[in-house]
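Hi,

Here is the structure I promised to pass on to you. Have a look at it first, and then read on for my notes.

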Amino acid sequence: MNAPQPVVKQRAALYLRVSTARQAEHDVSIPDQKRQGETYCEARGYDLVETYVEPGASATNDKRPEFQRLIEAGTAKPAAFDIVVVHSFSRFFRDHFELEFYVRKLAKNGVKLVSMTQELGDDPMHVMMRQIMALFDEYQSKENAKHTLRALKENARQGFWNGSLPPVGYRVVDAEKRGAKVKKVLEIDPLHADTIRLMFQLALNGDGESGRMGVKAIATYLNERKLYTRTGGRWGVGTVHRILTRRTYIGEHEWGKSYKDGTPKKQTEVITVAVPPIVDRETFDAVQKLLKSRAPMVTPGRTVSGPTLLTGIAFCAECGGAMTLRTSGKAKHYRYYTCSTAARQGKCGCSGRTIRMDKLDHLVAEHLERRLLDPKRLEDLLSAHLDRREERDTRRRDTANELTKRAAEAEQRLKRLYDAIESGIADLEDPSLRERVAELTATRDQARIDAERAKSAIRNSGQHLSPEHLRRMAISARQKMRGKDGGFRRDHLRALAQRVEVADREVRIMGSHDELIRVLATSNGVGTAANSVRTYVPGWRGVRDSNPCSPLERRMS
């Protein structure tokens with residue numbers, strides 16, 4: 001008589017998933033799904049061999065680590081289990097096509113997908129019902145996403161933060177409470193905001209010893225001085241560039257700039273959220289202009305970093321072609337600026353002109369030193385700048401006074417509350433009283449910080465520019481034009497002269513008020529690039545005056 005064969009239990013794997021941490025707490029939580037799954041397997045005699053837990057992952061795609069691990073084990077030869085148990089089919093997938101794809105992929109290897117709450121058979125009727133359920137799950141998922149997006153947009157329009165890690169230089173704080181929800185906003189993080197301001201100043205003015213810094217130089221500068229990121233990491237080129245181009249730092253945080261797949265949205269679809277600015281708009285715009293001018297698609301790399309003094313700003317007055325470097329001699333000892341059009345096309349393209357490099361370099365640089373940086377001329381050029389600075393300082397003084405007044409009022413209210421507590425009229429254990437004390441303390445401290453910042457800005461804006469002060473500014477600017485080796489510093493010269501046109505008997509030097517103000521202000525600590533005036537049309541030097549000049553100096557405009 002044959003002995004009875006032992007019953008072989010079917011092996012089961014349990015897949016548990018929630019979309020968000022909030023669902024993990026309030027919806028069908030992971031522990032609840034696990035408890036139900038273990039009870040389900042025990043009731044049906046399944047041998048539970050593996051549990052896959054996926055917290056905080058969407059079921060609209062298969063980019064889920066635990067899901068992929070489950071599929072890999074279920075399609076292996078032989079399979080690690082016979083049945084995959086889920087709470088509902090929506091826990092497995094919310095896309096009807098993907099659901100059917102993976103159900104059939106597992107079925108080919110002899111693995112079956114079952115739901116604890118939606119038990120179906122394998123006949124065609126039940127397969128159709130599963131597919132209909134999957135369609136409804138997919139529809140519900142898209143509707144939920146649509147309503148969530150609408151709520152996020154409205155939240156952003158009202159100026160509230162929608163979550164995620166805030167930009168460097170900001171922190172998230174509670175703003176108000178609406179029912180059970182706490183609305184949050186961004187505020188400036190004093191610990192890292194100064195690093196952001198330093199980046200913009202390095203890009204615009206340098207560190208006082210070097211000229212303007214590029215993105216890579218800024219990252220190196222910060223890392224060498226151990227000014228690391230908020231997580232203690234090193235700065236990289238990409239991170240610095242994103243900061244320098246991010247409009248959040250002028251108080252315009254752009255929310256919803258791209259779709260889930262990374263495709264950028266139209267500007268009309270982007271919502272601008274007002275946040276406290278860290279840098280002023282003039283500084284930000286000046287840095288954007290500088291970054292664009294250095295872009296390889298606009299200015300070739302050698303134009304920015306080439307060894308020649310006037311590379312990229314010297315042009316032929318006749319054809320407009322660039323004046324490029326040419327050498328001669330056995331060791332290429334002799335160096336010239338030559339019209340590139342004539343060099344490429346010959347005399348039919350342009351009659352061309354050639355001038356010794358050292359002669360044109362010294363001619364341009366010495367003219368800027370002797371004539372442009374003359375104190376009397378500077379006094380006329382800076383008059384509009386001084387008027388604007390005085391107007392700005394007046395506004396800052398009014399703001400500082402208002403903030404000081406606000407801090408004093410908050411201090412008085414706190415004093416009255418403390419007096420009431422000491423006299424026994426109020427109880428410090430009262431939650432509303434503690435909340436009021438914290439609110440007044442925060443208001444007082446923040447007003448004091450902002451008032452001091454406004455006063456500091458007034459102090460740093462510079463003193464009255466007397467003739468003696470203008471003379472010292474001119475001397476400082478001349479010194480900054482000279483390098484340690486005695487040669488001219490390319491970045492400072494280019495800040496004063498943005499275009500040099502070379503003709504047969506004259507050289508025309510062109511520049512702008514904005515750049516002149518910036519160079520002079522930063523040369524002697526008077527201000528920043530924000531203290532700018534309207535663009536200055538060519539006219540630093542008249543066609544003729546009482547000073548003798550060489551033929552090449554004949555006209556500087």
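**Cysteines**

The count of disulfides in this predicted model comes to 0. Cys319 is in no disulfide, and the nearest cysteine sulfur, which belongs to Cys339, lies 3.5 Å away. Cys319 is partly exposed, with a relative accessible area of 33%. Cys41, by contrast, counts as buried at 2% relative accessibility.

**The chain as a whole**

The mean pLDDT of the protein chain is 76, and 75% of its residues reach 70 or more. The stretch to treat with care is residues 525-557, where pLDDT stays under 50. The model still has 94 contacts beyond four places in sequence for that stretch.

You will find 19 helices and 14 strands in the protein chain. It has 557 residues, of which 40% count as buried. Among the contacts with a separation of 6 or more, 62% are between residues 24 or more positions apart.

Which residues touch the most other members of the largest nonpolar core? They are Phe200, Ile218, Leu244 and Tyr249, in a core of 33 residues. At least two residues of this core come from each of these elements: strand E6 (181-188), helix H7 (190-205), helix H8 (215-224), helix H9 (237-245), strand E8 (271-274) and helix H10 (281-294). Helix H7 gives the most, with 7 residues.

Leaving aside residues up to four places away in sequence, Leu244 touches Met199, Phe200, Ala203, Val215, Ile218, Phe284, Val287, Gln288 and Leu291.

**Salt bridges**

The structure holds 22 salt bridges, and I picked out a few for you.

- Lys34 and Glu38 meet through their side chains, with N to O at 2.5 Å. Both lie in helix H2 (residues 30-43), 4 residues apart, which is about one turn of the helix. Lys34 is partly exposed at a relative accessible area of 34%, and Glu38 is partly exposed at 33%.
- Glu439 and Arg436 form a salt bridge too, at 3.3 Å from N to O. This pair sits in helix H16 (residues 431-460), 3 residues apart, about one turn of the helix. Glu439 has a relative accessible area of 44% and is partly exposed; Arg436, at 32%, also counts as partly exposed.
- Asp504 bridges to Arg353, with the closest N and O atoms 3.0 Å apart. Here the partners come from distant parts of the chain, 151 residues apart. Asp504 is in the loop between strand E13 (499-502) and strand E14 (507-510), while Arg353 is in the loop between helix H12 (340-345) and strand E12 (354-356).

Are the two partners of that last pair buried or exposed? Asp504 counts as exposed, because its relative accessibility of 58% is over the 50% cut-off. Arg353 counts as buried, because its 11% falls under the 20% limit.

One more item for this part: Glu411, Arg444, Asp445 and Arg448 are linked in a network of salt bridges.

**Strand pairing**

Strand E10 (residues 323-328) and strand E11 (residues 334-339) pair in the antiparallel sense over 6 bridges.

Happy to talk it over once you have had a look.

Best wishes

Methods: Residues are numbered from 1 along each chain as its sequence is written. This is a predicted model: local features need pLDDT of at least 70, side-chain atom pairs count only at pLDDT 80 or more; totals for chains, interfaces and linings use all residues. Side-chain values use heavy atoms; hydrogens and water are left out. A nonpolar core is a set of buried Ala, Val, Leu, Ile, Met, Phe, Trp, Tyr and Cys residues joined through side-chain atoms within 4.5 Å. Buried means under 20% relative accessible area, exposed over 50%, partly exposed in between (1.4 Å probe, protein chains only). Contact means heavy atoms within 4.5 Å. A salt bridge is a side-chain nitrogen of Lys or Arg within 4 Å of a carboxyl oxygen of Asp or Glu. A disulfide is a pair of cysteine sulfur atoms within 2.5 Å. Two strands pair if DSSP finds at least two bridges between them. pLDDT is the predictor's confidence in each residue, from 0 to 100.
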